[in-house]
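Take a look at the model below. This report walks through its sheets, its helices and the contact between its chains.

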Amino acid sequence: MSTDVKTAPPATQETVQRTTANGIKLPIYMDNHATTQLDPRVLEEMLPYFMEKFGNAASRNHPFGWVAEEAVELSRERIAKLIGATAKEIIFTSGATESDNLAIKGVAEMYREKGNHIITAVTEHKAVLDTCKHLEKGGFRVTYLPVQKDGLVDLDDLKRAMDDKTILVTIMAANNEIGVVQPLAEIGKLCRERGVIFHTDAVQAIGKIPVDVNKMNIDVASITAHKLYGPKGVGALYVRRKNPRVQLVPIIDGGGHERGMRSGTLNVPGIVGLGKACALALEDMPQESVKISGLRDRLRDKIMGRLDEVYINGSTEHRLPGNLNISFAYVEGESLLMGINDIAVSSGSACTSATLEPSYVLKALGTGDDLAHSSIRFGIGRFNTEAEIDYVADRVVETVERLRELSPLYEMAKEGVDLKSVKWAAEAH
Amino acid sequence: MSYSDKVIDHYNHPRNVGSMDKSSTDVGTGLVGAPECGDVMKLQIKVNPETSVIEDAKFKTFGCGSAIASSSLATEWVKGKTIDEALAIKNTEIVKELALPPVKIHCSVLAEDAIRAAIGDWKKKQEATKPVGVQAAQ
């Protein structure tokens, strides 16, 4: 075996920053649903907990432990305050995927005697969908609710799906692709009336829009730090302690940390970061959501004012401030990304994913595969500027125009050919 | 995904973009792929009926960068070739020239299909315009 100490890879060509004539740093990061840049104020608060204050929060017999524990408890309070919970209702995890797994598997196993039916929606994150699929193999029955054209769950569908064996409803707060915000309070009310536990994957919503676990009757909620300008690898789960008291069977066995629900030594610097990120979000949300939705609308107007046949995917009314998901008809998403390679965004195109299937979220809205292949997700965040928005709009418009000149579909559409009526000689491979 | 320099070059400077009159008897048009699959290529050739040499080629493509590059390259390669020489172009040669990764091989297959479809269309037109006697002699 080699004894070389490997260091992190150096910045590659793509990550080296360039600056435009008017001072915009390239590439521009506009993929804030994937992850966010750590806020410098968060980093500052985390730093002492790597070296000086390195104690194990579970060490009860010396100040190293006490200092770490104190920091962890402050974080718990800060997270709880952001969502209207109490500190004791917050347990720490490694992130959103673990939180979703623990919530769903933990509730399923704990309440199995009561029933075996779980309700979720087709547009959920894979961390929820794959967990549900896993439970199906173990004898649980799962209803995957469809969504309406705007991406929202139909409350009547939910009502109809509930039966006397339903123990859990898990519906996300805001969607990671289209930013659509589900009617949490209404879902929570239905669940409470029927004595069903309501879990929400709130990772995209928390810190961006108000989420109140009591007003919305949320019983369990998944949180992660890196979507709200905190560090990666740390998350939390809100677990209601009263009215009703929710219990979970742990998925990790060990020292019984976190009220027995999640064993493992706490990631103290990460937890400090998550807490600070929540405190900043609580403080800044009113101004920040106005600023970010203003930037989003500016981008939308600049693009839609200059291009025809551009479609917004998902509700424009019930939506995260920073999300814009648009399909550019007759242009394939990956080729568009290639043309705007100084801007970091995502596409729902098949070619950008390993599965060769276009986005299942867009398909669930009834967006045709052709338009799903043409979609781009812009995720605007705290550090984006108006100058960046203008630059992005210009680059998108000129690239779409160029690619449409190259597109046989655009040409056919302009000639009046109905593309739906064409008998396509699809690949025979 | 990282692209080869050749794919990037074809994407940034596609060769022979455009359209020819598809009703013209010496123009063959191939339209392959489907919007739902994320790839549609239109490749057109203009053939000299005396020599069967492809004198001009044009394309338009809806698809990823590799699909654009594959069809752009196909137009370059068929120009100046006879129909039979063009039919001998294999998708594997396109894969090699553009250094396409395995997930993009379907783009090269589609480009080969487009060449064949364009030639097929041209041949059909030739047969339709030929005198009956000549057709029977073939």
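Predicted model: local features only at pLDDT ≥ 70, side-chain atom pairs only at ≥ 80, totals over all residues.

Strands of a sheet pair through backbone hydrogen bonds, either parallel or antiparallel. Chain A has an open sheet of seven strands. Their order is 4-10-9-8-7-5-6, and the pairing is mixed. Strand 4 (90-93) and strand 6 of chain A stand at the edges. Each has a single partner strand, so one side of each is left without a neighbour in the sheet. From one strand to the next, the twist averages 20 degrees.

Strand 4 of chain A pairs with strand 10 (residues 235-239) of chain A in the antiparallel sense, over four bridges. Here A:Phe92 has A:Ala236 in strand 10 as its bridge partner.

## A β-α-β unit

Opposite A:Ile118 stands A:Val142, in strand 6 of chain A.

What do strand 5, helix 4 and strand 6 of chain A make? Together they make a right-handed β-α-β unit, with helix 4 spanning residues 126-137.

## The sheet of chain B

Chain B has an open sheet of three strands, in the order 1-2-3, with antiparallel pairing. Its edge strands are strand 1 (27-34) and strand 3 (54-62) of chain B, each pairing on one side only. Neighbouring strands of this sheet are turned by 10 degrees against each other on average, direction ignored.

Strand 2 (residues 39-47) of chain B pairs with strand 1 of chain B over eight bridges. Eight bridges also join strand 2 of chain B to strand 3 of chain B. Follow one residue across the sheet. B:Val40 is the bridge partner of B:Gly33, and B:Val40 also stands opposite B:Phe62 in strand 3 of chain B.

The hairpin of strand 2 and strand 3 of chain B has six residues between the strands. In this hairpin, B:Ser52 takes a positive phi near 60 degrees.

## Helices of chain B

Helix 2 of chain B lies across strand 2 and strand 3 of chain B, and runs at about 175 degrees to strand 3. Helix 5 (residues 105-129) of chain B lies across strand 1 and strand 2 of chain B, and runs at about 145 degrees to strand 1.

Which residues of helix 1 (residues 5-12) of chain B are buried? They are B:Val7, B:His10 and B:Tyr11. Seen down the axis of helix 1 of chain B, these buried residues fall within an arc of 100 degrees, so they line one face of the helix. Their cover includes helix 2 (65-78) and helix 4 (91-98) of chain B, together with helix 8 (333-339) of chain A.

## Where the chains touch

How many residues does each chain bring to the contact? Chain B brings 24 residues and chain A brings 22 residues. On the side of chain B, the elements that give two or more residues are strand 1, strand 2, strand 3, helix 2 and helix 5. Strand 1 of chain B gives the most, with four residues. By class, the side of chain B that touches chain A has 14 nonpolar, seven polar and three charged residues.

Note on methods
Residues numbered from 1 in each chain as written. Chains lettered and ligands numbered in written order. Pairing = 2+ DSSP bridges. Right-handed = clockwise from strand over helix to strand, strands pointing away. Buried ≥ 20, exposed ≤ 12 C-beta atoms within 10 Å, placed from the backbone. Arc of directions from axis to C-beta. Contact = placed C-beta atoms within 7 Å. Axes fitted to C-alpha atoms, helices over the stretch in contact; angles between N-to-C directions. Nonpolar A, V, L, I, M, F, W, Y, C, P; charged D, E, K, R; others polar.
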